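Here's a quick briefing to read alongside the structure.

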Amino acid sequence: MDFYVLGQQIVNGLVLGSTYGLIAVGYTMVYGIIGMINFAHGEVYMVSAYLTAIGLAVLAYFGISNPWLLIGLTMVFAIVFTSLLGVTIERLAYRPLRRANRLAPLISAIGVSLILQNYVQLSQGAKNQGVPTLVEGVFRMGSEDHFFQITYMQMVIIIVAILAMAILNFVVQHTALGRACRATQQDRQMAQILGIDTDKVIALVFGIGAALAAVAGVLITLNYGSFDFFVGFVTGVKAFTAAVLGGIGSLPGAMLGGILLGLAESLFAGFVSSDYKDVFAFALLVGILIFRPSGLLGKPTVEKV
Amino acid sequence: MKKDEAILDLKNISVAYGQTKVLHGVSLHVMPGEIVTLIGSNGAGKTTLLKSLFATPSPYSGEIFFGGEDITVLPTHMVSRRGLSLVPEGRRIFPAMSVSENLAMGLVACTDKSHAGPTLKTIYELFPRLYERRDQRAGTLSGGEQQMLAIGRSMMAKPKLLLLDEPSLGLAPLIVKTIFTTLKQIAADGTTIFIVEQNANQALKLADRAYVLSNGAISLTGSGTELLSNEDVKKAYLGGH
């Protein structure tokens, strides 16, 4: 085993994994609060990729060229519109089904997913879109011909992901808002009786999940430079795998699951086969579902009375 | 609200879960400053009556007035903001939150939170155990401590009317005694209390007035002492002694 290849794949895995973690948060929080898998979440991420391109184009029109300013403003732009999208989806497609049978919102989510994919395909075109590279430069470790590297953009991804997770964790653990979320998750009716507008809390959770997907969307798009209307599917299922791996419903689980899946996929690509890395990731999903459905940090599910 | 006006007034309410009718035209009222109890056997509809105040579910006929305002169809989360606070059956504290976080949840109903500090101090004085365990996960508390926490959580809202659903359920007699002594203290501090109980003996001793609910309708009413000595009540709810 080549030490430098190993180092490189670990760097790549951490970068990939932190973006999975960001998206996984949306799956896990929504599941935690209403017990539903939001299958449209991957598409929300996909939309944020397009918003990144639109944001950059608008900013370029206004003559802004400082890369850091561009990244920051695009991030804000994508977060605002993506969370609005998340909240709107919940309001239109899931809330009316709150009292319906569990399968109904799931089917509705698949519907939303198809609508978003097709709408974006029709309005933006089916071909690959691209954004320019904003941040150049790499940091290398090792000698002339034996090294591994981390690009500055990859560093930005890891730093922003850690920052976003830290902010989220603070909000959930230490603010009245976070307390309201946790109360709604633990006993929705009691939370209501105590005066919490749980519909608002649920909408907020969709907003937060979408916002973090947008953070991931901007970072991934800037890193890879290209995307199409179908990127939400594979990335969405991967992030869902990460959420299940960590234990769906668990916030630290989503972060851990993301990192582990990113590392596993990247090491598999580096040492076994990069063609089969997706197969490996999904085989992992099947394996977890069979052998440890509650995930690494999840509690075994107890049927609610 | 006038002084001689009931703080809580149920006018002929009927409540059903789907097709199952539970309450049939119940009327009762609570005056400011009173301790009123509703006793009745299992399945009489006591919990349903309390839950109907919070629109879970709302009565299908009849009206509920609180402080002179019709709250019959007020959305659940708005009810506690009017000044009603429920200590539910089975306590329903948030098990994964700390004791102090659970108490903070009681404040959600208040727009003006300026009383939080002093009220918290009062609660910790009433229940020193809660103070000792303020950073502990609420799910790890004993049943009695959880009941104290549920009462404390409701008191944080500084409610005009404190509603309790079977606070003695599943607790050791000594703890039940503590709880009832504390309730007396809370009432003496000026909170109106409406308490639903199967443990009729304790509740009737505490209450100014009482109602008996059987099969979804009020069958008897009177002062606490009257009902304590009533032969039918003795036979049905006090174990015949």
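B:Tyr211 sits across from B:Thr221, which belongs to strand 10 of chain B. Keep in mind that this is a predicted model.

**Strands 9, 10 and 3 of chain B**

- Strand 9 (residues 209–214) and strand 10 (residues 217–223) of chain B run antiparallel to each other and share 6 bridges.
- These two strands form a hairpin with 2 residues between them, and in this hairpin B:Asn215 has a positive phi near 50°.
- Strand 9 of chain B also pairs with strand 3 (residues 35–39) of chain B, this time in the parallel sense, over 4 bridges.
- To spot that pairing, look for B:Val36, whose bridge partner in strand 9 of chain B is B:Arg209.
- A handy thing to know while you look: in a regular strand, side chains alternate between the two faces of the sheet.

**The four-stranded sheet of chain B**

- Chain B also has an open sheet of 4 strands, in the order 2-1-4-5, and the pairing is antiparallel.
- Strand 2 (20–30) and strand 5 (69–70) of chain B are its edge strands, so each one pairs on one side only.
- Strand 1 (residues 8–17) of chain B lines up antiparallel with strand 2 of chain B over 7 bridges.
- One spot to check is B:Ala16, which has B:Lys21 in strand 2 of chain B as its bridge partner.
- Helix 1 (residues 46–53) of chain B packs on this sheet and touches strand 1, strand 2 and strand 4 (61–66) of chain B.
- The direction of helix 1 makes about 70° with that of strand 2 of chain B.

**The two domains of chain B**

- Chain B splits into domain 1 (1–83 + 160–241) and domain 2 (93–159).
- Taken over C-alpha atoms, the centres of these two domains are 23 Å apart.
- Where they meet, 16 residues of domain 1 of chain B are in contact with 10 residues of domain 2 of chain B.
- On the domain 1 side, strand 7 (161–165) and helix 7 (173–188) of chain B are the elements giving two or more residues.
- Helix 7 of chain B gives the most to that side, with 5 residues.
- Sorted by class, the domain 1 side has 8 nonpolar, 6 polar and 2 charged residues.

**Where chain A meets chain B**

- Here 14 residues of chain A are in contact with 19 residues of chain B.
- Helix 6 (176–186) and helix 7 (188–193) of chain A each supply at least two residues of the chain A side.
- That side of chain A has 5 nonpolar, 5 polar and 4 charged residues.

Technical notes. Residues numbered from 1 in each chain as written. Chains lettered and ligands numbered in written order. Predicted model: local features only at pLDDT ≥ 70, side-chain atom pairs only at ≥ 80, totals over all residues. Domains from an automatic or database assignment. Contact = placed C-beta atoms within 7 Å. Nonpolar A, V, L, I, M, F, W, Y, C, P; charged D, E, K, R; others polar. Axes fitted to C-alpha atoms, helices over the stretch in contact; angles between N-to-C directions.
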